[in-house]
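Hi everyone, thanks for making time today. I'd like to walk you through one model, starting with the overall picture and then stopping at a few residues.

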Amino acid sequence: ARFRAEAEAVARLQHPNIVQIFDIGDHAGIAYFSLELVEGGTLANRLKASRPALEEVAALAATLARAMDHAHQRGIVHRDLKPANVLLLSDGSPKITDFGLAKQLEGDAGQTRTGAVMGTPSYMAPEQALGQVRDIGPRTDVYALGAILYELLTGRPPFRGADVIETLEMVRTQDPIPPSQIGAGVPRDLETICLKALARDPQQRYASALAMAN
């Protein structure tokens with residue numbers, strides 16, 4: 001049911017920076033969907049090779065934020081944004097993929113247990129880490145966009161503990177170290193945008209992904 005819900009949700013999204021679904025079906029009792037092929041690997045692998053230039057960082061973060069605003073305007077929250085879920089075209093253009101945890105704002109169709117912690121800890125908003133399912137919305141993805149921007153600026157996510165439990169506790173209780181204290185040359189404006197997106201209180205973040213992009 002979750003698989004089909006993902007496919008149907010993403011099939012509604014027509015955006016150049018979101019991986020397109022071409023077909024949804026069932027073969028011999030096994031559900032499938034077919035996606036466009038994106039051959040440039042993931043942003044996670046790109047970051048292992050080298051950090052992008054600052055102009056590229058800003059452009060990439062803004063592009064991802066505008067793509068997520070497109071999804072939010074259509075009632076879909078990703079909930080698992082991270083560099084591994086950003087695919088790259090051969091020219092470096094990003095495409096967001098893997099909406100497997102997507103929450104449809106008009107109702108989650110009962111697929112997620114109340115209080116279930118779902119997502120990837122290092123990019124997970126505090127409300128997710130606390131299992132506050134009702135509080136998950138567009139600002140949850142804004143936090144994850146901030147976490148991606150943080151990694152683009154510093155080479156590491158804002159929080160990474162020794163294990164999942166420690167990382168979740170850090171997300172719940174700590175504020176990130178400002179990027180400029182980790183890497184030299186981080187522009188104050190980019191740092192300000194990044195830290196606002198990473199505010200623990202959702203109300204202190206950007207109200208929308210579009211506001212962050214702008």
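Before I point at anything, one definition: when I say helix, I mean a DSSP run of H or I that is at least four residues long, numbered from the N terminus. With that in hand, Thr-167 lies in helix H6, and we'll come back to Thr-167 in a moment. Please keep in mind that this is a predicted model.

Let's take the whole chain. It has eight helices and six strands. Read from the N terminus, the order of elements is α-β-β-α-α-β-β-β-β-α-α-α-α-α. For 214 residues, a compact globule would have a radius of gyration near 17 Å, and the chain agrees because its value is 17 Å. Along the principal axes, the C-alpha atoms fill a box of roughly 55 × 40 × 30 Å. Of the 214 residues, 50% count as buried. If you take contacts between residues at least 6 apart in sequence, 65% of them join residues at least 24 apart.

H3 covers residues 54-73, and its 20 residues should span 28 Å at 1.5 Å a residue; the end C-alpha atoms are 29 Å apart, which agrees. Its buried residues include Val-57, Leu-60, Leu-64, Met-68, Asp-69, His-70 and His-72. What covers the buried residues of H3? Among the elements doing so are helix H2, strands E3, E4 and E5, and helices H5 and H8. Just after H3 comes Gly-75, with a positive phi of about 80°.

Is Thr-167 buried or exposed? Thr-167 has a relative accessible area of 4%, and the cut-off for buried is under 20%, so Thr-167 is buried. Leaving out residues up to four places away in sequence, Thr-167 touches Pro-121, Ser-122, Phe-159, Arg-160 and Gly-161.

Ala-162 sits in the loop between H5 and H6. Exposed means over 50%, so Ala-162 counts as exposed at 71% relative accessibility. From Ala-162 to Leu-64 it is 98 residues in sequence and 29 Å in space, C-alpha to C-alpha.

One last stop, on backbone angles. Most residues other than glycine have a negative phi. Ala-28, which is not a glycine, has a positive phi of about 50°. Ala-28 is in the loop between strands E1 and E2, and it is exposed, with a relative accessible area of 73%. Arg-79 is another residue other than glycine with a positive phi, near 75°. Arg-79 lies in the loop between E3 and E4, yet Arg-79 is buried, at 5% relative accessible area.

Methods: Residues are numbered from 1 along each chain as its sequence is written. This is a predicted model: local features need pLDDT of at least 70, side-chain atom pairs count only at pLDDT 80 or more; totals for chains, interfaces and linings use all residues. Side-chain values use heavy atoms; hydrogens and water are left out. Helices (H or I, at least four residues) and strands (E, at least two) are DSSP runs, numbered from the N terminus. Buried means under 20% relative accessible area, exposed over 50%, partly exposed in between (1.4 Å probe, protein chains only). The expected span of a helix is 1.5 Å times one less than its number of residues. Contact means heavy atoms within 4.5 Å. The radius of gyration is taken over C-alpha atoms; the globule rule is 2.2 Å times the number of residues to the power 0.38.
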